[in-house]
Amino acid sequence: MSRVRLVVVGPGLMGMKHIALVGAHPGAELVAIVQPEPVHARELSDTLGVPVHADVETCLEAEKPDGVILSSPNVFHFEQARACAEAGVPMLVEKPITDDVREAEILVEMVAARGIPTMVGHHRAHSPLVQAAREVVQSGRLGRLVAFQGSAVFRKPDDYFAAAPWRTRPGGGPILINLIHEIGMMRTFCGEIEAVQAMTSSRVRGHAVEDSAAITLSFRGGALGVFMLSDSGASARSWEQTTGENPAFFQSGEETCYTLTGERGTLHFPTLRLETFATKAEASWMKPFSVETVPVTRRDPLQAQLDNFLAVIRGEAEVVVTPLDGLRNLRVIDAIQRSAASGRRVEVAD
Ligand SMILES: NC(=O)c1ccc[n+]([C@@H]2O[C@H](COP(=O)([O-])OP(=O)(O)OC[C@H]3O[C@@H](n4cnc5c(N)ncnc54)[C@H](O)[C@@H]3O)[C@@H](O)[C@H]2O)c1
């Protein structure tokens, strides 16, 4: 089959990564970009050698692409995804699927009704580390899950906010930009989340959105979770600084970002250090664990995500992260925001 013709919408921090991945992929071809700012549009067109359109509708009409990658700011995801759905074009929508639960529900129904292949950019789901950890949980070697402990505590440099002020306002903020990845991971490892209780703070950065959040979670399977999020604390206990999947980030070496504990053992992530007892009856804090490191062959999850998108467009594979997954992640985020605002435990909508 000839190369899959793709459009990237929103050539910013994430969009430029997609553009580079598409450009390097033997099975894909970048045919156009959507970017509404005329000055940048001319520069981009000169650099990348493809047309730059001011809006999605015009671009779809002119280019007739095989697929679209939406990596514009969150507030535009819904309208742009709807335009793709109306034109019948498969899409990869960056996370969050939208910045509003109701809009996400409409989108989920719309793409299902029209049969438009749609995936959401929770790219960690494509990580071999995640697949290896999930296999450990599903194998039963940890026993019944008891607890999840997670951390995404890191210091974003101040110019990150100056460069894109939307990140400081509703629609931005670490709960929507960062925590939604963590929700996806918690659901992957521990199953659906039934309720949350959260506290947030914006006192360190003073933005209109939070800079930190402390969250407790209850999983339907019976486990409890605790998660600490902050974009203002200088720590290496984050996915980015521990997995080595993105060379842009400092790598800490031995730190972990998650701990998964069951009745028979604990898995540390991403080191994949596995501490287990052979049976639940033998498990005791007086006795030593058997310790091993789960083997894994590493691969860039963004590349694997693009492979999945291309295979989905060709009709050769199923979507790994569905719109419903994106919606469920967003519903947990919405519950966390409502809990932080009310100070109460909030049930997650089904
Ligand atoms: N998967 C990930 O790990 C990951 C990481 C970072 C960002 N993201 C997501 O990618 C998206 C973009 O984030 P970013 O940090 O790259 O933002 P950014 O501000 O760096 O880039 C956004 C780009 O979109 C352009 N833009 C603005 N309005 C537009 C419009 N109406 N239509 C098309 N383009 C428009 C901007 O000019 C800019 O080029 C967000 O949804 C974010 O959550 C995902």
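Which residues do ring pairs link into a cluster?

1. Basis of the note. The model is a predicted one, in which local features need pLDDT of at least 70 and side-chain atom pairs count only at pLDDT 80 or more, while totals for chains, interfaces and linings use all residues. Residues are numbered from 1 along each chain as its sequence is written, and side-chain values use heavy atoms, with hydrogens and water left out.

2. Aromatic cluster. The cluster linked by ring pairs consists of Phe 148, Phe 189, Phe 227, Trp 239, Tyr 258 and Phe 269. Rings of Phe, Tyr and Trp (its six-membered ring) pair if their centres lie within 6.5 Å; planes under 30 degrees apart count as stacked, over 60 as edge-to-face and the rest as tilted. By this rule there are nine aromatic pairs. Trp 239 and Tyr 258 form a tilted pair, with 6.1 Å from centre to centre and 50 degrees between the planes. Trp 239 belongs to helix α9 (residues 239–243) and Tyr 258 to strand β11 (residues 258–262), so the pair ties together parts that are 19 residues apart in sequence. Helices (H or I, at least four residues) and strands (E, at least two) are DSSP runs, numbered from the N terminus.

3. Burial of the pair. Buried means under 20% relative accessible area, exposed over 50%, and partly exposed in between (1.4 Å probe, protein chains only). Trp 239 counts as buried because its relative accessibility is 3%. Tyr 258 likewise counts as buried, at 0% relative accessibility.

4. A polar side-chain atom of Trp 166 is 3.0 Å from an oxygen atom of the ligand. His 123 places a polar side-chain atom 3.3 Å from a nitrogen atom of the ligand. At Ser 72, a polar backbone atom lies 3.3 Å from an oxygen atom of the ligand. The protein covers 86% of the 840 Å² of accessible area that the ligand has on its own (Shrake-Rupley method, 1.4 Å probe; for residues, only the protein chains shown count as cover).

5. Ligand shell. There are 26 residues around the ligand, of which Met 14, Asn 74, His 77, Gln 80 and Lys 95 come nearest; a residue is near if one of its heavy atoms lies within 4 Å. At least three residues of the shell come from each of domain 1 (4–116) and domain 2 (125–300 + 331–347), with bounds from an automatic or database domain assignment.

6. Cis peptide bonds. Lys 95 and Pro 96 are joined by a cis peptide bond, with omega about -10 degrees. Pro 96 is in the loop between β5 (91–93) and α5 (101–114). A cis peptide bond also joins Phe 269 and Pro 270, with omega about 5 degrees. Pro 270 is placed in the loop between β12 (265–269) and β13 (273–276).

7. Positive phi values. Leu 272, found in the loop between β12 and β13, has a positive phi near 60 degrees, in a residue other than glycine. Leu 272 is buried, with a relative accessible area of 1%. Lys 64 has a positive phi near 45 degrees and lies in the loop between α3 (56–63) and β4 (67–70). Lys 64 is exposed, at a relative accessible area of 52%.

Terms used: Polar contact = N/O pair within 3.5 Å; in protein donor to acceptor, adjacent residues only side chain to side chain.
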